[in-house]
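User: I am new to this structure and would like a close look at its pockets and cavities. Could you walk me through the spaces in it, with enough background to find my way around?

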Amino acid sequence: MVMTEPLISKECVRVEFNDPNVQYEGRVAKEDSQNGAQYDWPLVAISIRFRSEEAGPVVAVMDGAFNRFSALVTSEDTVGPAFSEKRIFTAEAPGTVRKVVLGQVPGRGVYRVKLAKLTEPCHTGMPMLPRYFGMGWMSGMQGVVSFRAWELPSGSTLLPPPDRPQRRIEVIGGSDTCGCGAESSDTRKRTWWGAFSRNEIHNAELCYSYQLATRLNAEVHV
C-alpha cells in the first residue's frame, strides 16, 4: 500500500523536479517553477538514480490528480542480494500537493526509482459534468499531474541518470493504446464510460505500445 503523509518527520534529502539529474520520458512541461513538472499523457515517467547510506522511504512530492501510477524501486549494486519493489496506486483528488511514499530502500546501496503514469489523458471539461448532476467527484475524472520533488533517505547522494535507450517510439491513439480498461475482463467496464469512471482498471503498461517498446528496448511516447 502506498501511503500519503503531510510531513516526513525524519531528515531527508530533497531533490527538486528541475534538477538536471532527474530524468523524464514523454511530454512534460517544466517552465512553471511554482507548479513543478506538469503532464497529462500516459506512460510519462520520472526517474532518479541515487546512493543511499541507510534504509528509508522514497517519497514523491506531487499532486497526482486522481491518476493511477506505478512506482518501481530497484537496486543497482552487483554485490549483495538484488532488491526490487513495485507498487501501483491511485492518487487522491486534484488540488493538494501530497507526499506519497513510493517504497522503502533496505539499506546502503545504489538504487533506481521510476514513477510512471498509467491513466490516459484527462477529458477537458469532463470533470465538471458530475458536479452539474449532483454526483460529486467521481473516480476516473483525473486531471493534470503536478510533480514537485523527490525526498530520499538522509545522507543520500543523487547520481547521474543512466543512458537513454537508443530507440524511441511514438504511438498515437486513445483508449486501448493508453491501457483503458486493460485490467478488467468485464466487457461492460471496458466501454468508454465504464473504463472512464474506474481508474483501477487503467494500466498503460499492459497496452501494446508499452509492451512493444519494452521488447525493443525503446523509449515510448504515447
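Analyst: Happy to. Helices (H or I, at least four residues) and strands (E, at least two) are DSSP runs, numbered from the N terminus. On that basis, the chain has three helices and 14 strands. Please keep in mind that this is a predicted model, where local features need pLDDT of at least 70, side-chain atom pairs count only at pLDDT 80 or more, and totals for chains, interfaces and linings use all residues. Residues are numbered from 1 along each chain as its sequence is written, and side-chain values use heavy atoms, with hydrogens and water left out.

Of the 222 residues in the chain, 47% are buried; buried means under 20% relative accessible area, exposed over 50%, and partly exposed in between (1.4 Å probe, protein chains only). The accessible surface of the chain is about 11,400 Å², with 51% of it belonging to carbon and sulfur atoms; such areas come from the Shrake-Rupley method with a 1.4 Å probe, and for residues only the protein chains shown count as cover.

Now to the spaces themselves. On a 1 Å grid over the protein atoms alone, a cavity is a set of points where a 1.4 Å probe fits but cannot get out, while a pocket is an open set with protein on both sides within 12 Å along at least five of seven lines; lining residues have an atom within 4 Å of a point. Grid points are joined across faces, edges and corners, and a volume is the space filled by probe spheres set on the points.

The largest pocket holds about 570 Å³ of space. Its lining has 25 residues, and those nearest the centre are Gln23, Glu25, Ser47, Arg112 and Lys114. At least two lining residues come from each of strand 3 (23-25), strand 5 (45-52), strand 7, strand 10 (109-117), helix 3 (208-215) and strand 14 (218-221). Strand 10 gives the largest share, four residues. By class, the pocket lining has 13 nonpolar, five polar and seven charged residues. Here Ala, Val, Leu, Ile, Met, Phe, Trp, Tyr, Cys and Pro count as nonpolar, Asp, Glu, Lys and Arg as charged, and the others, Gly among them, as polar.

Turning to the cavities, there are two of 30 Å³ or more. The largest cavity has a volume of about 50 Å³. It is lined by 11 residues, with Met62, Gly64, Ala91, Glu92 and Arg98 closest to its centre. Strand 6 (56-63) and strand 9 (98-105) each supply at least two residues of this lining, which by class has five nonpolar, three polar and three charged residues.

The second largest cavity has a volume of about 30 Å³. Around it you will find Gly26, Arg27, Trp41, Pro42, Leu43, Val44, Val220, His221 and Val222. Six of these lining residues are nonpolar, two polar and one charged.

One loop also deserves a look while you are there. Ala65 lies between strand 6 and strand 7 (68-75), and Phe66 is found in the loop between strand 6 and strand 7 too. Although Ala65 is not a glycine, its phi is positive, about 55°, and Phe66, also a residue other than glycine, has a positive phi near 70°. Ala65 is buried at 0% relative accessible area, and Phe66 counts as buried at 16%.
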